[in-house]
There are 2 protein chains.
Amino acid sequence: MKNILIIGAGRSASSLIKYLLDKSEEENLHIIVADMNKSAAEAKINNHKNASAVSLNVFDENDRREAVKNADIVISMLPARFHLEVAKDCLEFGKNMVTASYVSKEMKALDEQVKSKGLTFMNEIGLDPGVDHMSAMQVIDRIRDNGGKMLLFESFTGGLVAPESDTNLWNYKFTWNPRNVVVAGQGSASKFIQEGKYKYIPYQKLFRRTEFLNIDGYGRFEGYANRDSLKYRSVYGLDDIPTLYRGTMRKVGFSRAWNVFVQLGMTDDSYQIEDSENMTYRDFTNSFLAYHPTDSAELKLRHYLKIDQDDIVWDKLMELNLFSSKKVELKNATPAQILQKILMDSWTLEKNDKDMIVMHHKFGYEYKGEKHQIESQMVVIGDDQTYTAMAKTVGLPVAIATLKILNGNITKTGVLIPIDKKVYAPILKELEEYGITFTEKKVPFLGYNPENVS
Amino acid sequence: MKNILIIGAGRSASSLIKYLLDKSEEENLHIIVADMNKSAAEAKINNHKNASAVSLNVFDENDRREAVKNADIVISMLPARFHLEVAKDCLEFGKNMVTASYVSKEMKALDEQVKSKGLTFMNEIGLDPGVDHMSAMQVIDRIRDNGGKMLLFESFTGGLVAPESDTNLWNYKFTWNPRNVVVAGQGSASKFIQEGKYKYIPYQKLFRRTEFLNIDGYGRFEGYANRDSLKYRSVYGLDDIPTLYRGTMRKVGFSRAWNVFVQLGMTDDSYQIEDSENMTYRDFTNSFLAYHPTDSAELKLRHYLKIDQDDIVWDKLMELNLFSSKKVELKNATPAQILQKILMDSWTLEKNDKDMIVMHHKFGYEYKGEKHQIESQMVVIGDDQTYTAMAKTVGLPVAIATLKILNGNITKTGVLIPIDKKVYAPILKELEEYGITFTEKKVPFLGYNPENVS
């Protein structure tokens with residue numbers, strides 16, 4: 001019997017745990033789900049005979065080391081900043097490890113030691129990062145293996161609400177951490193390259209510089225640029241590629257309305273609003289508008305941001321009760337925290353709502369003097385609020401990789417990400433059985449300079 | 001003979017040093033000007049018999065302590081972050097001290113020790129902070145002494161080019177540290193209170209929320225909000241005042257054009273532009289615009305920011321050669337550093353140009369059931385590029401305060417700022433002899449809610 005230790009039984013662990021429990025009989029597995037909150041772990045395993053739930057405080061060194069020591073492989077579903085301690089224990093006790101998080105500098109630094117012990121630490125094998133890497137590398141490798149030269153790579157991912165549960169004007173509900181949605185794009189400018197030209201978009205323009213794209217059967221979407229697209233050049237071996245852009249997907253029109261919050265200053269998480277506890281939603285909105293004794297907050301906002309009365313953006317704002325007399329009831333809150341609360345009133349999933357993950361890649365390349373383009377799309381709809389599209393797309397690749405490492409099908413050692421064909425090909429293949437499939441089609445190459453004007 | 005040690009012989013020390021040299025005979029003073037760069041110190045004293053120039057590295061503890069020990073009073077004109085070491089030496093050797101900088105937390109913490117040694121550490125006695133404190137407190141104290149109740153305090157200061165040297169469309173040249181101008185307003189939102197309502201303006205809207213004001217004989221100006229107006233409530237004893245706003249002055253139209261740089265992202269100092277060294281000004285501008293093989297950077301910018309061809313904003317941009325083929329020639333530069341270079345090409349003072357300092361206060365108050373308003377204005381024009389308006393308004397209050405402390409006319413002890421009548425009244429009186437005068441007039445009280453609508 002082989003012991004798999006899963007640390008962290010949060011929402012994104014559901015599909016991961018189910019996959020391993022379903023395989024436990026034929027693969028002779030024992031699954032140990034460890035969480036601070038033992039009942040969360042128990043709920044996930046539901047008295048399965050091949051599993052046990054344990055209470056584990058990851059900061060308790062003895063308990064953590066004991067748990068790692070007794071496992072054959074360790075999956076860390078903890079927040080990314082807690083992986084390192086687990087990784088050091090795995091190194092000490094000679095255990096393989098799997099995470100869905102970006103490789104931190106500290107994790108990367110363990111590479112030599114991990115290799116010298118013959119271990120595999122597989123990271124970035126969730127959705128994004130994870131499925132994006134694997135699905136992109138599969139096409140990129142094929143193009144290059146056939147003698148093509150990559151000219152363009154664009155990749156967009158979105159965590160959205162499924163069409164059947166899409167009941168508001170924003171075509172959006174919170175399907176993961178709302179805070180990350182509210183502060184998305186803040187910090188330094190977004191950076192990418194198009195036709196060899198570096199481009200920079202500051203936060204205050206990020207939601208006005210979207211690109212459009214179509215997902216077959218799901219209509220038109222928009223993408224806004226992620227913070228740093230350029231780091232993917234070295235990751236994917238695309239160092240000299242003239243066009244590289246990564247973005248986040250929303251339904252068309254979301255960003256133009258979201259820009260209202262950006263312009264008002266409501267997404268700011270860097271200072272506290274005075275007496276936020278006793279404010280109404282209307283007071284909060286008004287605090288970003290010029291004082292006037294009689295002009296309404298509504299008209300002031302429309303004038304300030306030049307929103308016509310028949311603009312759908314206005315309807316979107318009204319839908320959120322931005323001007324209502326409802327109390328904020330949050331002490332010493334930042335604008336971002338208050339906005340999050342207002343949005344959660346409207347954008348929280350209903351009991352029967354389903355989520356949706358969309359991913360869209362564009363690959364432009366030159367082959368025998370001619371330019372070509374391939375588009376690749378994935379849509380995954382959640383089953384319910386336990387086996388969400390997010391839980392499936394994050395957890396299943398982790399689960400599949402874990403079993404393949406455990407069974408010796410993945411043997412490469414070191415601190416890895418899934419960009420090798422031997423890793424991604426079998427995992428993508430198996431993901432298809434779970435409905436995580438990409439549809440490819442050839443389209444005319446467009447790029448940003450189809451006529452080669454210089 | 002009394003020894004006055006001045007540490008730092010930068011541009012803003014000219015008028016300070018001249019004042020003390022001019023008084024040295026009758027007051028029996030010896031002035032020691034200490035600077036890293038001895039020749040800068042020598043140039044300032046110009047072989048005056050009552051002065052000496054010394055080379056001083058303020059990080060050399062022995063030299064610094066020796067210099068402080070031999071002085072009767074110490075003026076630190078160093079950058080604010082270097083005052084503390086000097087202050088500790090002054091404390092040890094029992095010397096009074098004067099600075100034109102904001103009181104830091106660390107400086108404030110010395111208050112008890114300074115008092116127990118019977119010393120005076122006078123700070124914030126330059127222009128802003130300094131002349132603003134004194135001129136405001138003089139009117140506020142008078143209103144309150146007469147039984148009035150303060151309702152409104154607004155204060156604006158600007159360092160600008162004198163009308164006679166105002167030769168560009170922006171009505172602006174750099175008269176102090178250009179970097180501070182380029183990054184002005186960044187960081188957390190600006191915060192103030194109007195009619196009891198807290199207001200917040202994010203950076204991306206700061207230059208579109210200006211207030212207008214007139215300076216008699218100098219036309220119309222605009223003010224944009226400073227970062228934190230609210231801290232002045234406790235400083236000035238205005239804790240319950242319903243309206244308090246502090247701002248920075250420019251000629252009307254500057255801010256609307258400056259907003260173009262903000263929206264493009266050119267004022268960002270947080271990341272480096274790729275290959276900045278080999279870019280042209282045009283490339284730099286283009287890096288903030290969407291890629292297109294044939295559309296010009298000019299048209300892209302006009303469309304992006306919706307600038308009509310006959311809008312004066314466009315002429316202002318053209319005047320700066322934003323689209324020229326001139327090389328940036330700065331390695332690993334941030335957008336803000338490149339913008340600063342471009343602006344310095346156009347906004348550097350010519351040899352015979354003069355600068356100008358403008359200050360405008362509004363005081364609204366209630367007296368016997370009626371509302372009143374006083375406006376107070378100061379305009380100072382520089383003599384030349386040595387005795388600039390900035391050097392006069394920063395240096396003369398420092399110099400006057402120094403002599404008054406030395407002569408026992410200011411006797412209050414502790415870490416102080418000039419908000420006591422005994423301090424500001426004689427200093428403001430003497431400043432009048434040097435053309436630093438305020439003109440007061442009564443105007444109808446307006447506030448932001450003249451009709452008392454609730």
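Predicted model: local features only at pLDDT ≥ 70, side-chain atom pairs only at ≥ 80, totals over all residues.
In chain B, seven strands make up an open sheet, and their order is E3-E2-E1-E4-E5-E6-E15. The pairing between these strands is parallel. Strand E3 (51–55) and strand E15 (414–416) of chain B lie at the edges, where each pairs on one side only. From one strand to the next, the twist averages 15°.

Helix H4 (residues 83–93) of chain B packs on this sheet. The helix touches E1 and E4, as well as strand E5 (96–99) and strand E6 (120–122) of chain B. The direction of H4 makes about 160° with that of E5(B). Within the sheet, strand E1 (residues 2–7) and strand E4 (residues 73–76) of chain B run parallel and are joined by four bridges. In this pair of strands, B:Ile6 stands opposite B:Ile75 in E4(B).

In chain A, the residue A:Lys173 is located in the loop between strand E7 (149–161) and helix H8 (178–182). The relative accessible area of A:Lys173 is 3%, which is under 20%, and the residue is therefore classed as buried. The side chain of A:Lys173 forms a polar contact of 2.7 Å with the side chain of A:Asp353. When neighbours within four places in sequence are left aside, A:Lys173 is in contact with A:Val161, A:Ser165, A:Thr167 and A:Asn168, and also with A:Trp347, A:Thr348, A:Leu349, A:Glu350 and A:Asp353.

Key. Residues numbered from 1 in each chain as written. Chains lettered and ligands numbered in written order. Heavy atoms only, no water. Pairing = 2+ DSSP bridges. Helix = DSSP H or I, 4+ residues; strand = E, 2+ residues; numbered from the N terminus. Axes fitted to C-alpha atoms, helices over the stretch in contact; angles between N-to-C directions. Contact = heavy atoms within 4.5 Å. Buried < 20%, exposed > 50% of the residue type's maximum accessible area, 1.4 Å probe, protein only. Polar contact = N/O pair within 3.5 Å; in protein donor to acceptor, adjacent residues only side chain to side chain.
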